[in-house]
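Open the model in your viewer and keep the selection panel at hand. The stops below go from the whole chain to single residues.

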Amino acid sequence: MVMVTVLYFAKSAELTGHRSEVVPLPAATSSCQLWALLLELHPSLAALQDQVVLAVRQQYVALGDQALLLADGDEVAVVPPLSGG
């Protein structure tokens, strides 16, 4: 397990009640597994299920089987859809 800072933006911050938190996560995981772990912590995030994008170390990752290798101190951002023009 590694300690990762999860950053919540916009609607995801509203749903979780947090702007950020430090979370223990497996070092080797997929983006889909990462999302599932975040849903376990905050079931309210399910409202963003088909719209959310994750960013790991400031790089967007699609939800799927993409392998991730996390390290202590990494940042994971939960980026909900943005509105506006």
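Along the sequence, the chain runs in the pattern β-α-β-β-α-β-β-β-β. It contains two helices and seven strands; helices (H or I, at least four residues) and strands (E, at least two) are DSSP runs numbered from the N terminus. The model is predicted, so local features need pLDDT of at least 70 and side-chain atom pairs count only at pLDDT 80 or more, while totals for chains, interfaces and linings use all residues. Residues are numbered from 1 along each chain as its sequence is written, and side-chain values use heavy atoms, leaving out hydrogens and water.

**Whole chain**

Show the C-alpha atoms: they fill a box of roughly 35 × 25 × 20 Å along the principal axes. Of the 85 residues, 40% count as buried (under 20% relative accessible area; exposed is over 50%, partly exposed in between; 1.4 Å probe, protein chains only).

**Strands E1 and E2**

Select E1 and E2, which pair in the antiparallel sense over six bridges; strands pair if DSSP finds at least two bridges between them. Met3 stands opposite Pro24 in E2. Which residues of E2 lie on the covered face, and which on the uncovered one? Glu21, Val23 and Leu25 are on the covered face, whereas Ser20, Val22 and Pro24 are on the uncovered one. In a regular strand the side chains alternate between the two faces of the sheet.

**The core**

Next, select Leu34, Trp35, Leu38 and Val78. Of the 21 residues in the largest nonpolar core, these four touch the most other members. A nonpolar core is a set of buried Ala, Val, Leu, Ile, Met, Phe, Trp, Tyr and Cys residues joined through side-chain atoms within 4.5 Å. At least two residues of this core come from each of strand E1 (2-8), strand E2 (20-25), helix H2 (31-41), strand E4 (53-56) and strand E7 (75-79).

Centre on Leu38. Leaving aside neighbours within four places in sequence, Leu38 is in contact (heavy atoms within 4.5 Å) with Val6, Tyr8, Leu45, Leu54 and Val78.

**Thr29**

Move to Thr29, in strand E3 (residues 28-30). Is Thr29 buried or exposed? Thr29 is buried, because its relative accessible area is 7%. Its side chain makes a polar contact with the side chain of Gln33 (3.2 Å). Such a contact is a pair of N or O atoms within 3.5 Å; within protein, one must be able to donate a hydrogen and the other to accept it, and residues adjacent in sequence count only if both atoms are side-chain atoms. Not counting residues up to four places away in sequence, Thr29 touches Leu34, Gln66, Ala67, Leu68 and Leu70.
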